[in-house]
Amino acid sequence: MGIISYDDFLKVEICVGTILTAEENNLLKKPSIVLTIDFGKKIGIKKSSAQLKSNYTCKELIDRKILAVINFAPKQIGTILSEVLVLGLPDENNEPILVSPNSKIINGKRLY
């Protein structure tokens with residue numbers, strides 16, 4: 001892994017948002033959940049496709065605060081245009097566990 005500068009880190013915008021909707025997408029090779037996430041007035045509402053079915057149901061994702069990279073170029077995933085990259089860490093089976101703040105944070109606040 002290479003060393004990056006602090007200026008490089010600042011280029012990546014990681015912000016908090018609240019999941020508004022979560023719907024299964026079983027049309028992909030690896031089924032995913034399509035998330036609609038509220039990042040506040042400045043950033044708005046964005047969609048993401050995430051492979052979360054191993055550890056989450058759609059119902060338990062609703063109203064959950066998560067962290068996501070909001071300034072990557074959108075990526076076409078099947079029929080969904082994923083606008084943000086939801087962040088997670090691998091569990092013992094290498095399946096994602098979402099990165100979430102443990103305190104109330106206003107949507108759109110940026111990680112620093």
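Leaving aside its neighbours within four places in sequence, which residues is Ser32 in contact with? Keep that question in mind as you look through these views of a predicted model.

**View 1. Ser32 and the residues around it.**
Ser32 has its place in strand E2. Once neighbours within four places in sequence are set aside, the residues in contact with Ser32 are Glu23, Glu24, Asn25, Ser49, Ala50, Gln51 and Lys53. Is Ser32 buried or exposed? Buried means under 20% relative accessible area, and Ser32 has 1% relative accessibility, so it counts as buried. For a sense of distance, look for Gly2 as well: it lies 30 residues from Ser32 along the chain, and the C-alpha atoms of the two are separated by 31 Å.

**View 2. The whole protein chain, from one end to the other.**
Step back for a moment and take in the protein chain, which has three helices and nine strands. Starting at the N terminus, these elements follow the pattern α-β-β-α-β-α-β-β-β-β-β-β. The radius of gyration of the protein chain is 14 Å, close to the 13 Å that the globule rule gives for 112 residues, so the chain is as compact as a globular protein of that length. Along the principal axes, its C-alpha atoms fill a box of roughly 40 × 35 × 30 Å. How much of the protein chain is buried? Of its 112 residues, 33% count as buried. If you take the contacts between residues at least 6 apart in sequence, 57% of them join residues at least 24 apart.

**View 3. An open sheet of five strands.**
In what order do the five strands of the open sheet stand? The order is E3-E2-E1-E4-E7, and the pairing is antiparallel. Strand E3 (45-50) and strand E7 (85-86) are at the edges, and each has a single partner strand, so one side of each is left without a neighbour in the sheet.

**View 4. Strand E1 and its two partners.**
Zoom in on strand E1, which covers residues 14-25. Strand E1 pairs with strand E2 (residues 32-38) in the antiparallel sense, over seven bridges. What joins E1 to E2? A hairpin does, through six residues. Strand E1 is also joined to strand E4 (residues 65-69) by five bridges, and these two strands run antiparallel. Look for Cys15 too, which stands opposite Ala68 in E4.

**View 5. Tyr56, a buried residue in a loop.**
Tyr56 lies in the loop between E3 and H3. Tyr56 has a relative accessible area of 9%, so it is buried. Which residues does Tyr56 contact, leaving aside its neighbours within four places in sequence? They are Ile33, Leu61, Arg64, Pro96, Ile97 and Leu98. Pick out Pro96 from that group: Tyr56 and Pro96 are 40 residues apart in sequence, while their C-alpha atoms are 9.5 Å apart in space.

**View 6. Two loop residues with a positive phi.**
Most residues other than glycine have a negative phi. Asp63 is not a glycine, yet it has a positive phi of about 75 degrees. You can find Asp63 in the loop between helix H3 (58-61) and E4. A residue is exposed at over 50% relative accessible area, and Asp63, at 59% relative accessibility, therefore counts as exposed. Now turn to Asn94, which is not a glycine either and has a positive phi of about 65 degrees. Where does Asn94 lie? Its place is the loop between strand E8 (88-90) and strand E9 (96-98). Asn94 has a relative accessible area of 60%, so it is exposed.

**View 7. Surface and charges.**
How many positive and negative side chains does the protein chain have? There are 15 positive and 12 negative side chains, and the centres of the two sets lie 5 Å apart.

Terms used. Residues are numbered from 1 along each chain as its sequence is written. This is a predicted model: local features need pLDDT of at least 70, side-chain atom pairs count only at pLDDT 80 or more; totals for chains, interfaces and linings use all residues. Side-chain values use heavy atoms; hydrogens and water are left out. Helices (H or I, at least four residues) and strands (E, at least two) are DSSP runs, numbered from the N terminus. The radius of gyration is taken over C-alpha atoms; the globule rule is 2.2 Å times the number of residues to the power 0.38. Buried means under 20% relative accessible area, exposed over 50%, partly exposed in between (1.4 Å probe, protein chains only). Contact means heavy atoms within 4.5 Å. Lys and Arg count as positive and Asp and Glu as negative; His and the chain ends are not counted. The place of a charge is taken as NZ of Lys, CZ of Arg, CG of Asp or CD of Glu. Two strands pair if DSSP finds at least two bridges between them.
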